[in-house]
Amino acid sequence: MIVNQSDSNYTDDKTCDAVGSHTDNENKHYDIVGSRTGMWLFLYTEIMLFGGLFVLYAAYYRMYTADFTGAGKELDILMGSINTVMLLVSSFAVAASITAIQKKSRKVALAFLGFALFLGAMFLVNKYFEWGHKIDLGIFPNSPLMEDSSHGRVLFFSLYYTITALHAIHIIIGMTLLAVTMAFIMTDKVTEHKYVLLENAGLYWHLVDLIWIFIFPLFYLIY
Amino acid sequence: MTGNIDHIQSDAHIQSYGKLLGVLAILLFLTALTIIVSRIHFGGANIWVALIVASVKSSFVLLFFMHLKYESILIKASFLATIGFLSILIGFMFWDVAFR
């Protein structure tokens, strides 16, 4: 079985050599499907990471439902909605950048990625003002106000800060990945023949969007 | 056989801009829907409505933006297994909390 696989790899290299119309860089052996599968496996671990926090949320929601719905009303729905829309549009832009690179229009791909990066930055700015406003109101872990609050309310805001902070870190990592991918497109290391890096960076960005799709209703919309 | 040179990404599925825009429109509509519905009191059902809408939104992101629709059975099955195990985790936790 193993012998067969190495045989077929050998044939692959031969076929590739025979094509001969690509640069040396593109002829190096690499495994697109394996690369993408690895990224998905990593995303599963991310799902379990945030899943664990959502399990905590579910348990405490059940135990302190009234406190949770009360505290949820204190979050700014408008801010949360704007951030949701920005992440959805940025996800679209990243998906469209893959279409652009497949159609050989690298400049369009770069424009889409730049737009996604801008929206990611705006998300963080929005979050900064949101957190700042909450901290001004005295709502932060271990604040005097929190010490006088009910147990459920403290848990709600602790989870709010923990989950949104972990999510914001993921936004920063995702933006870094997108920026690196843009640099690779500019230097022709990511091309219409080989764009798995763009696909994987995109997958990460979409996962960050997916997690926000659950954070938004669970924190901002509970009533 | 294009499979022999699959490390040159030329035979990949291309999604049109129009289709991606359509998915975005659905996602924005569902966002508006979930905000409006959350302001109506269903009591304990509110959170379930919110979670169902969020799951539908996630499915659109996964299937189209993340290309899951066009991925191999390996990735589709392993993704569903992940969600399955997460459900077991949440489900068992609920047994514990509910009958404590």
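How many residue pairs are in polar contact between chain B and chain A? In this predicted model, the count is 8 residue pairs, both residues of each pair being at pLDDT 80 or more.

Figure 1. On the chain B side, 50 residues are in contact with 62 residues of chain A. The size of an interface is often given as the accessible area lost when the parts come together. Here the buried area amounts to about 5,100 Å², and carbon and sulfur atoms give 73% of that area.

**Figure 2. The salt bridge between A:Arg36 and B:Glu71.** Between chain B and chain A the count is 1 salt bridge. This salt bridge joins A:Arg36 to B:Glu71, with 3.2 Å between the closest N and O atoms.

**Figure 3. Elements on the side of chain B that touches chain A.** Helix 1 (17-38), helix 2 (45-65) and helix 3 (73-98) of chain B are the elements that give two or more residues to this side. With 13 residues, helix 3 of chain B gives the most. By residue class, the side of chain B that touches chain A comprises 31 nonpolar, 14 polar and 5 charged residues.

**Figure 4. Helix 2 of chain B and the helices around its buried residues.** Helix 2 of chain B has 21 residues, and its span from first to last C-alpha is 30 Å, close to the 30 Å expected at 1.5 Å a residue. The buried residues of this helix include B:Ile47, B:Ala50, B:Val53, B:Ala54, B:Lys57, B:Val61 and B:Leu62. B:Phe64 and B:Phe65 are also among the buried residues. An α-helix has 3.6 residues a turn, so residues three or four places apart point the same way. From chain A, helix 3 (32-63), helix 5 (77-102) and helix 9 (196-220) pack against the buried residues of helix 2 of chain B, as do helix 1 and helix 3 of chain B. Just after helix 2 of chain B, B:His67 adopts a positive phi of about 60°.

Figure 5. Leaving aside residues up to four places away in sequence, A:Arg153 touches A:Asp67, A:Ala71, A:Glu74, A:Ile139 and A:Met146.

Conventions:
Residues numbered from 1 in each chain as written. Chains lettered and ligands numbered in written order. Predicted model: local features only at pLDDT ≥ 70, side-chain atom pairs only at ≥ 80, totals over all residues. Heavy atoms only, no water. Contact = heavy atoms within 4.5 Å. Buried area = accessible area lost by both parts, 1.4 Å probe. Salt bridge = Lys/Arg side-chain N within 4 Å of Asp/Glu carboxyl O. Polar contact = N/O pair within 3.5 Å; in protein donor to acceptor, adjacent residues only side chain to side chain. Helix = DSSP H or I, 4+ residues; strand = E, 2+ residues; numbered from the N terminus. Nonpolar A, V, L, I, M, F, W, Y, C, P; charged D, E, K, R; others polar. Expected span 1.5 Å × (residues − 1). Buried < 20%, exposed > 50% of the residue type's maximum accessible area, 1.4 Å probe, protein only.
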